[in-house]
Protein chains: 2
Amino acid sequence: MAKAKNAPTMADVAREAGVALGTVSRVINGQQVGEEFRRKVEEAIQRLGYQYNNSGRALRTDRTNTIALIIPNTINPYFALLVHHINIELEKRNYRMLLCFTKYDRDRETEFIQMVRQNRADGIIALTYNPNLTIPDDIPFVTIDRFFSVSVPCIAADNFGGGRIAAQKLAEFGCRKVAFLRTGSSLTNEPSKRKDGFVSACVELGLSFEVLALEDEAPYSQFEDFLQEHVVDGKLSLDGLFLGTDMLAWQIIQSLQRMGFCVPEDVQVIGFDGIRMFGNQSYVVSTIVQPVQDIAEACVSAVLSRHLSTIPSLICLPVHYASGGTTKE
Amino acid sequence: MAKAKNAPTMADVAREAGVALGTVSRVINGQQVGEEFRRKVEEAIQRLGYQYNNSGRALRTDRTNTIALIIPNTINPYFALLVHHINIELEKRNYRMLLCFTKYDRDRETEFIQMVRQNRADGIIALTYNPNLTIPDDIPFVTIDRFFSVSVPCIAADNFGGGRIAAQKLAEFGCRKVAFLRTGSSLTNEPSKRKDGFVSACVELGLSFEVLALEDEAPYSQFEDFLQEHVVDGKLSLDGLFLGTDMLAWQIIQSLQRMGFCVPEDVQVIGFDGIRMFGNQSYVVSTIVQPVQDIAEACVSAVLSRHLSTIPSLICLPVHYASGGTTKE
DNA sequence: CCCTGCTCATGAAACGTTTCATGAACTCTG
DNA sequence: CAGAGTTCATGAAACGTTTCATGAGCAGGG
């Protein structure tokens, strides 16, 4: 069966090279070692085909070079993008990723933190859906898009600014009556600022606006009901919509089309996230693009920072608008 | 700083409970232990807030309960789906996932195997793009969609059957002149059987067909050239297309629309994979759906199997057709 | 009552690293 | 040339588990 049972160890290398165990360790870790000793050790490593064993190091140092990422899933393209870039960023720094899918289940989030503790990960990056989550104080903890307290760094896009941009764009397109729709109203989270920014810009721009914020568990049909309520004489009384996410924007566009309305002719629709078809194609809908790569970078440097407490408790990264949508005809 | 330095260990628990170290271990691992001892140990664990430490166990047993997944990225929705289901499947069995993104880079694949070795993962599941990859013989190794040799289990969808279904569907739709387009011709991989199945069914059904198999690195423009060559008198001389992947199908549909053709009125298009918009919406294109969940399950049970050599060297799982596409209008 | 066999807790060794105190071999300074 | 300082290899201890040989305690059979 698999695993060669008597894989050579540092002790074997030391014996082969005729040096002390500690010397081998220092060669491997690139520390100060005399030229001749280094050569002897390296040759011995070659001869024996020695393979470094991280388990030993983890036990001794209590550091695993692993960071846990807690996230609902990898199916939503925004999450998939986050996972991708965080992994790349970790890899750059020689860290591994321990991936935990919560499927939006709050109990699982708690269980995962426990599991992470037992696996001695060196830190946690979490995109959580439990506003009452108990943040561990024994492991460096960084959140994405969720502000818990000043002692827990939160990395987010500039949601407020994004909301403003959305309103400005709708105004540019000539919209006069707009609405903001989203789920997740129960969370005191950063994304809820999308609404705030949107509203503030609508006021400044003199746009008439409405806001529909549903609970997380609200059925999608409630959005359709909202649309129906705004149909008068076969016409939609709204000419611009800003949705909390691209996924919602996509669904709304489908609904509008089923109802016989054309996007963007009858009504402009803007989403949030910056999802692209297959990653490298055009944007799925017109959208406020999140700087996923920068977010990933910020999360990783924050969680790996030696002095977590010196990290700002809220880091906002700039967003931008991009037009998209499947080409009509 | 983070980590509480003197976290209690099994030895502390043993002392607190007044029992031997080994007894604590057996309680924790659910082995035969007297009732009274078990109770004492459990109470001590509670009192001390003891946390199990996996590093110690990994060192001692040389098993980490971790499986590495080597895959190009998580941005392509098909890969994202695989990652998701494999993770879920591993979690069921109390295993963790070590995720390695190759970005289609062959050297990275090799480097990852080395890294996995050092991290002592218990096995590897790989979707590789290097047909010359050296498969390690010291770690259980299972591939997705790539057949290497009889001693390396390969899990795949029934690509041949899928190709047949595609041809049958096109025939049902009334197509007479069809084509199969794909990249990746250089790999002697399972997906290339999509062509074989398609061709065999075309022959049986009396469809006239063409095949365009491009190298991996071929620019997308070559597909557009192919389409252009088949325009005669402003009409497309093909009425059905089968694409190697949904991504390609999606791109082709965009191209066709730009060229002024309607899908499916002018030409039927079928992809392969079963990608859905945001995971739970309708299929992006009409497609042959891969049983991702079953593939994940098969990969995990294979790689965790105690007797890898008894696993069939090729496992094919059934596919099915699903119609999709963004609703026209 | 002795012996055998069983159940089950004990204590110690082992896994492969890192790290630290020790000291050998030099070099420099006055 | 003696003493102080520097560089660098050594040997051993420690990290937190699992596992194994040992033996204590007890029940049953003759």
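**Sheets, chain contact and DNA surfaces of the model**

In chain B, strand β12 (residues 287–289) and β14(B) run antiparallel and are joined by three bridges. The model described here is a predicted one. Within this pairing, Y321(B) of β14(B) is the bridge partner of I288(B). Both strands belong to an open sheet of chain B that has six strands in the order β7-β6-β10-β11-β12-β14, with mixed pairing. The edges of the sheet are taken by β7 (208–214) and β14 (320–322) of chain B; each has a single partner strand, so one side of each is left without a neighbour in the sheet. On average, neighbouring strands of this sheet are turned by 25° against each other, with direction ignored.

Strand β12 (residues 287–289) of chain A pairs with β14(A) in the antiparallel sense over three bridges, and T287(A) has A322(A) of β14(A) as its bridge partner.

The domain assignment divides chain A into domain 1 (10–52), domain 2 (66–157 + 292–317) and domain 3 (159–291). Taken over C-alpha atoms, the centres of domain 1 and domain 3 of chain A are 62 Å apart.

Several backbone features occur in loops. The peptide bond from V263(A) to P264(A) is cis, with omega near 5°, and P264(A) lies in the loop between α10 (246–258) and β11 of chain A. In chain B, a cis peptide bond with omega of about 5° joins V263(B) and P264(B); P264(B) is placed in the loop between α10 and β11 of chain B. D62(B) is not a glycine, yet has a positive phi of about 60°. This residue lies in the loop between α4 and β1 (66–71) of chain B.

Chain B can be laid on chain A by a turn of 180° and a shift of 0.0 Å along the axis, with an RMSD of 0.1 Å. This relation is that of a two-fold axis. The same surface serves both copies, as 100% of the contact residues of chain B recur in chain A.

The contact between the chains takes 45 residues from chain B and 45 residues from chain A. On the side of chain B that touches chain A, two or more residues are given by each of α4 (54–61), α5 (77–92), β2 (96–101), α6 (106–118) and α10 of chain B. The largest share, six residues, comes from α5(B). By class, this side of chain B has 20 nonpolar, 18 polar and seven charged residues.

DNA strand D is surrounded by 27 residues, of which A20(A), G22(A), G34(A), M10(B) and G56(B) are the closest. Elements of both chains give two or more residues to this surface: α2 (21–28) and α4 (54–61) of chain A, and α1 (10–17), α2 (21–28) and α4 of chain B. The most, five residues, is given by α4(B). The surface near DNA strand D divides into 13 nonpolar, 11 polar and three charged residues.

Around DNA strand C there are 27 residues, and G22(A), G56(A), A20(B), G22(B) and G34(B) come nearest. Here the elements that give two or more residues are α1 (10–17), α2 and α4 of chain A together with α2 and α4 of chain B. The largest share of the surface near DNA strand C comes from α4(A), with five residues. By class, the surface near DNA strand C has 13 nonpolar, 11 polar and three charged residues.

Conventions: Residues numbered from 1 in each chain as written. Chains lettered and ligands numbered in written order. Predicted model: local features only at pLDDT ≥ 70, side-chain atom pairs only at ≥ 80, totals over all residues. Domains from an automatic or database assignment. Pairing = 2+ DSSP bridges. Helix = DSSP H or I, 4+ residues; strand = E, 2+ residues; numbered from the N terminus. Axes fitted to C-alpha atoms, helices over the stretch in contact; angles between N-to-C directions. Contact = placed C-beta atoms within 7 Å. Nonpolar A, V, L, I, M, F, W, Y, C, P; charged D, E, K, R; others polar. Near = placed C-beta within 6 Å. Least-squares fit on C-alpha atoms with pLDDT ≥ 70 in both.
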